[in-house]
Amino acid sequence: MYVAVKGGEKAIENAHAWLAEERRGDPGVAELSLAQIREQLSLAVNRVMAEGSLYDPDLAALAIKQARGDLIEAIFLIRAYRTTLPRFGCSTPVDTGGMACDRRISATFKDAPGGQVLGPTFDYTHRLLDFKLAADGAVPAAPSAAPRHEPTPHITEFLKDEGLIQDEPASDEPPGDLTREPMEFPADRPLRLQALTRGDEGFVLGMAYSTQRGYARNHAFVGELRIGTVAVEMEIPELGFAIEIGEIVLTECETVNQFKGSKTEPPQFTRGYGLVFGQSERKAIAMALVDRALRWEELGEDDLGAPAQDQEFVLSHADNIQATGFLEHIKLPHYVDFQSELELVRKLRREAEERLEAREAAE
Amino acid sequence: MADQTKIANGDRRAWLGLLARAPAEALAALWSDYGARPEFQWLRTPEIGGVMVRGRAGGTGAPFNLGEMTVTRCALVLPDGTEGHGYVQGRDKTHAETAALIDALMQTGDADAVRAKILEPLTRQVQAARSARAAKAAATKVEFFTMVRGEDQ
């Protein structure tokens with residue numbers, strides 16, 4: 001049976017008009033500007049840039065406003081915009097060792113050169129609501145001290161000097177790009193890192209937490225967490241040399257994990273790695289834990305059957321736009337599908353009744 | 001037109017990088033004060049696009065794709081044949097045009113004036129902003145001290 005699905009244009013139009021009105025809220029309350037969102041909701045902006053896979057704070061602020069603060073909807077808008085951009089090229093890999101650090105802490109080395117720099121952190125706050133923020137008020141300037149200009153060395157460098165940590169040998173192998181070719185399994189580490197850095201923060205956090213609770217436990221220490229600005233360089237063909245095309249804020253986390261050694265490797269520490277756009281500390285730590293769990297095979301560890309070790313499971317479900325697209329499509333009209341299901345259930349019931357009647361007649 | 005070989009790529013790299021990173025408003029203000037409006041023809045009109053930013057696994061290992069950033073680029077030529085290129089972060093076409101014009105002027109006899117009136121003040125602004133952040137970070141550096149232990153008393 002064919003069910004007409006035409007119609008609803010007027011209802012849709014009116015629904016969108018009401019959406020615009022609800023988005024604006026009470027017109028007696030001042031409208032939010034994009035600059036206010038960018039400056040005062042900057043961690044939401046950072047999340048939208050990281051999972052939207054596009055570094056542009058003004059666009060992320062616009063997406064948040066348009067999405068009424070629904071960050072997954074905002075990420076969807078950014079992903080859609082991103083596909084319209086011509087790609088000029090790829091940067092040379094950013095040098096996080098040259099980062100101008102706002103924050104840099106280590107849970108493993110108290111006296112690391114460059115020190116423990118807390119930066120603008122929520123850590124050590126009491127998590128009590130601050131009612132002063134409910135009223136307008138000027139914020140006093142943050143204190144200053146003599147600035148450090150030299151680069152801050154990576155903490156894993158110190159373990160590397162002693163050969164106590166697995167090396168990360170540099171390569172110039174061009175990485176696969178899951179925004180260009182669909183992901184295939186098994187996926188190599190560069191592809192896994194790309195999927196994790198744009199993956200849903202909540203999902204990656206949950207997978208990371210599962211490793212801490214014992215599902216493929218790999219006992220991670222945060223060797224280093226740093227947040228700051230790095231320059232982005234790209235080769236410009238018409239110039240014949242690389243120039244800086246901008247600078248971005250990144251959060252980088254390196255974990256140091258126990259490793260018993262294998263047939264070919266002596267006992268040493270191994271690493272998990274997280275690198276995320278913006279100040280996105282929870283996501284970077286979670287990414288590093290999941291990265292480490294997914295490395296079990298190359299490190300010769302056992303498959304414990306833990307979800308965080310299953311790359312097909314982790315990587316296929318980490319993307320919140322794919323997930324929400326599939327999840328939410330089931331609310332859209334399925335009249336024809338459902339009509340056939342309805343026919344099927346009626347037929348099965350009819351057959352069941354007939355069988356029952358036949359059995360009763362036989363008895 | 002200046003002899004291209006006389007301009008070290010290092011110099012040009014430095015000013016193109018500064019023009020790309022500089023806040024668009026700061027550059028626009030300095031350019032407006034400078035007052036020059038050189039004639040030019042487009043080689044490539046300003047175009048907004050994306051650049052895939054890469055990182056390295058473990059900070060030093062194999063490259064991977066981190067995500068894209070928005071970039072605006074353009075290219076132009078002065079009547080004397082000097083070419084200027086603009087590659088700037090973000091989506092501001094005027095920013096890219098100003099960068100390309102300054103890149104071109106820096107290869108002409110105007111270079112010293114442009115350097116003194118635009119590039120040097122811009123460098124100072126960018127450095128001051130960077131130092132101010134570094135100074136705030138430095139104030140949050142933890143100074144450890146050892147607690148007095150029982151056996152010392």
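Residues are numbered from 1 along each chain as its sequence is written, and chains are lettered from A and ligands numbered from 1 in the order in which they are written. Because the model is predicted, local features need pLDDT of at least 70 and side-chain atom pairs count only at pLDDT 80 or more, while totals for chains, interfaces and linings use all residues; side-chain values use heavy atoms, with hydrogens and water left out.

The interface between the two chains brings 76 residues of chain A into contact with 52 residues of chain B, contact being defined as heavy atoms within 4.5 Å. About 5,700 Å² is buried between chain A and chain B, of which carbon and sulfur atoms give 60%; buried area here is the accessible area (1.4 Å probe) that two parts lose on being put together, summed over both. In chain A, the residues that lose the most area to chain B are A:Phe88, A:Phe241 and A:Ile245, together 12% of what that side buries. Between chain A and chain B, 29 residue pairs are in polar contact, both residues being at pLDDT 80 or more. A polar contact is a pair of N or O atoms within 3.5 Å; within protein, one must be able to donate a hydrogen and the other to accept it, and residues adjacent in sequence count only if both atoms are side-chain atoms. Strand E5 (residues 241–257) of chain A supplies 11 residues, the largest share of the side of chain A that touches chain B, where strands (E, at least two residues) and helices (H or I, at least four) are DSSP runs numbered from the N terminus.

Eight salt bridges are found across the interface of chain A and chain B, a salt bridge being a side-chain nitrogen of Lys or Arg within 4 Å of a carboxyl oxygen of Asp or Glu. A:Asp56 and B:Arg91 are joined through their side chains in a salt bridge with an N to O distance of 2.7 Å, and a network of salt bridges links A:Arg82, A:Arg87, A:Asp177 and B:Glu68. Charges also sit over rings (NZ of Lys or CZ of Arg within 6 Å of the ring centre and within 35 degrees of the ring normal): B:Arg73 lies over the face of A:Phe88 at 3.8 Å from the ring centre, and A:Lys110 over that of B:Phe144 at 4.8 Å.

B:Asn65, placed in strand E2 of chain B, counts as buried at 1% relative accessibility; buried means under 20% relative accessible area, exposed over 50%, and partly exposed in between (1.4 Å probe, protein chains only). The side chain of B:Asn65 reaches the backbone oxygen of A:Gly176 at 2.9 Å and makes a polar contact with the side chain of B:Arg54 at 3.0 Å. Beyond four places in sequence, the residues that B:Asn65 touches include A:Gln194 and A:Thr197, both of which are buried in helix H7 of chain A. In this helix (residues 189–197), nine of nine residues are buried.

Over all chains, the structure holds four aromatic pairs, for which rings of Phe, Tyr and Trp (its six-membered ring) must have centres within 6.5 Å, with planes under 30 degrees apart counted as stacked, over 60 as edge-to-face and the rest as tilted. The rings of A:Tyr273 and B:Phe64 form an edge-to-face pair, because their centres are 6.3 Å apart and their planes stand at 80 degrees. This pair crosses between chains, from strand E6 (residues 270–277) of chain A to strand E2 (residues 63–77) of chain B, and both A:Tyr273 and B:Phe64 are buried. By contrast, B:Trp31 and B:Tyr34 are stacked, with ring centres 6.1 Å apart and planes at 20 degrees; these residues lie three apart in helix H2 (residues 24–34) of chain B and are therefore separated by about one helical turn.

Over all chains there are 40 salt bridges. Among them, A:Glu31 and A:Lys65 meet at 2.8 Å, N to O, and this pair links distant parts of the chain, from the loop between helices H1 (9–24) and H2 (34–40) to helix H4 (residues 57–66), 34 residues apart. Another joins A:Arg292 to A:Glu301, with the closest N and O atoms 2.6 Å apart; A:Arg292 is buried at a relative accessible area of 0%, whereas A:Glu301 is partly exposed at 26%.
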